[in-house]
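Here are a few exercises to work through with the model open beside you. Each one sets a task and then walks through the solution.

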Amino acid sequence: MRSSPLFSAVLFLVTCLSCSALAAQSKLRLPAVLGDHMVLQQGKPINIWGWAAVGEQVKVTFAGASASAVAGAKGRWSLQLPAQKASRKPRKLTVEAASKIELRDVLVGEVWLCSGQSNMAWSMSRTTHQKEEIKKAVYPRIRLLAFGGKKILWTACTAASVKGFSGVGYHFGKRLHQALKVPIGLIRSAVGGTRIEPWTPKVGAARFDSLAQQAAKGDGNLFRRLIAPLAPMSMRGIIWYQGESNVIQGDTGIYADRQAALVAGWRDVFEQDDLSFYYVQLAPFTYGKNYAKSKQGLTPESLPRFWEAQTKCMKTIPNSGMVVITDITGNVRDIHPGNKRDVGGRLARWALAKNYGRNKVTYSGPLYKSMQIAGSKVTLTFDHVAGGLRSLDKAALTEFSIAGEDRQFVSAKAKIKGDTVIVWSGEVANPKAVRFGWRDTALPNLGNKAGLPASPFRTDIWK
């Protein structure tokens, strides 16, 4: 039986309307960082965002709370759900508009971003302790997200899923999980061989006159691809392991501004001024030998000057902290130290003490405070002695040097006296300055009773 022209026209119209409705439905989507098995930050408003048809109303429901938003001119919408307490039991999160998205197995706990270059990206399967650690890595309430790969999916921590994840990130998260007994969400966004500049948003670099040229270039490519898409996800803080590429390009003092710009920019983009930022002081490595003939002409002092810039950041960046790893480096010819377990554990010490109220946790090794000269000897005082100074290997203290008016440093003897270190040399009758660990392959042994090493330093500011 033939259809009438009127019937055909009505059928065509209905079909078009149906297609339009399906098209509208297909526009509802969420960013990759929001998905099944994710962890949402406890104790902070929960930011949820995505895209829908222009003008469409979107409703999000989670844990008995809901909020609505209308998609703007470009289809983007965002909203906040009230803060939640940590949860052991997974729940569903629903997003409803013309269509519906349902996220399963969602937990509430502590969320941390793990970023930097290769030493942060370094997978568990390549670490020193991988054989004993991977097989034990069964933590259903630690969730991992490797951001930037082909498949961006949250996964529960298992022996299989942790193999390719950041060794530093995993050990950091495991320590927190064991201490806090709450779900932990770890987002790895790290790329080997990268300088800090491409990670830094323009809004951060623009705050520093020294970085005017960097700010003029706009947002760095890595920031646009691997950080901006994560914002404004609520999280507790950031752990950062980067700098090798900046040493190689000749950065020293300016790195302090570069890192401060990164942190200020990220806090602005995530709309969270209280984001904690804990970072790793670079490991000893033969930069001076490997890059002496490079354009930058690196010397054995290039890395110590970089360490100095990194140490300065603790004063210039609020809510920040640094871990020192000179004692666990091992092979100074390897720019990728294999022991990531202690690196992650030391970063976790900062978080436990500063974010989670564990006041008895020692989180820093000794940091140079002041010096006093009396005759041929110099007395050094330190912050973070943590119950007393000690030689980490029980041998005589190493890597101290001393200089007089001629500014020529010679190897010095040193001994611990109470909470101070006495330094002297028979070659220098009237000392003026002391340096400690002041070369790129230094493996000094001064630390505190918590077993944390002292940061290299110099008391002079001589060029």
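**Exercise 1: Enclosed space**

The largest cavity is lined by Val323, Val324, Arg346, Tyr363, Ser364, Gly365, Leu452 and Pro453. The model is predicted, so local features need pLDDT of at least 70 and side-chain atom pairs count only at pLDDT 80 or more, while totals for chains, interfaces and linings use all residues. Residues are numbered from 1 along each chain as its sequence is written, and side-chain values use heavy atoms, with hydrogens and water left out.

Task: find the volume of the largest cavity and sort its lining by class.

Step 1. A volume is the space filled by probe spheres set on the points, which are joined across faces, edges and corners.

Step 2. The largest cavity comes to about 50 Å³.

Step 3. Its lining divides into 5 nonpolar, 2 polar and 1 charged. Here Ala, Val, Leu, Ile, Met, Phe, Trp, Tyr, Cys and Pro count as nonpolar, Asp, Glu, Lys and Arg as charged, and the others, Gly among them, as polar.

**Exercise 2: The largest pocket**

Task: which element gives the most residues to the lining of the largest pocket?

Step 1. The largest pocket holds about 690 Å³ of space.

Step 2. Its lining has 27 residues, and Glu308, Thr311, Lys312, Lys315 and Tyr368 lie nearest the centre.

Step 3. Two or more lining residues come from each of α12 (302–316), α13 (341–354), β14 (367–374) and β23. Helices (H or I, at least four residues) and strands (E, at least two) are DSSP runs, numbered from the N terminus.

Step 4. The answer is α12, with 8 residues.

Step 5. By class, the lining of the largest pocket has 11 nonpolar, 7 polar and 9 charged residues.

**Exercise 3: An aromatic pair**

Task: describe the geometry of the aromatic pair of Trp112 and Phe172, and say whether Trp112 is buried or exposed.

Step 1. Rings of Phe, Tyr and Trp (its six-membered ring) pair if their centres lie within 6.5 Å; planes under 30 degrees apart count as stacked, over 60 as edge-to-face and the rest as tilted. The structure holds 15 aromatic pairs.

Step 2. Trp112 and Phe172 are edge-to-face, at 5.0 Å centre to centre with 75° between the planes.

Step 3. Trp112 belongs to strand β7 (residues 100–116) and Phe172 to helix α5, so the pair ties together parts 60 residues apart in sequence.

Step 4. Trp112 is buried, at a relative accessible area of 0%, and Phe172 also counts as buried at 0%. Buried means under 20% relative accessible area, exposed over 50%, partly exposed in between (1.4 Å probe, protein chains only).

Step 5. Ring pairs link Trp112, Phe172, Tyr278, Trp350 and Tyr363 into a cluster.

**Exercise 4: A glycine in a helix**

Task: which residues does Gly173 touch, not counting residues up to four places away in sequence?

Step 1. Gly173 is in helix α5 (residues 167–180) and is buried, with a relative accessible area of 0%.

Step 2. Gly173 touches Ile142, Ile184 and Leu186, where contact means heavy atoms within 4.5 Å.

Key:
On a 1 Å grid over the protein atoms alone, a cavity is a set of points where a 1.4 Å probe fits but cannot get out, and a pocket is an open set with protein on both sides within 12 Å along at least five of seven lines; lining residues have an atom within 4 Å of a point.
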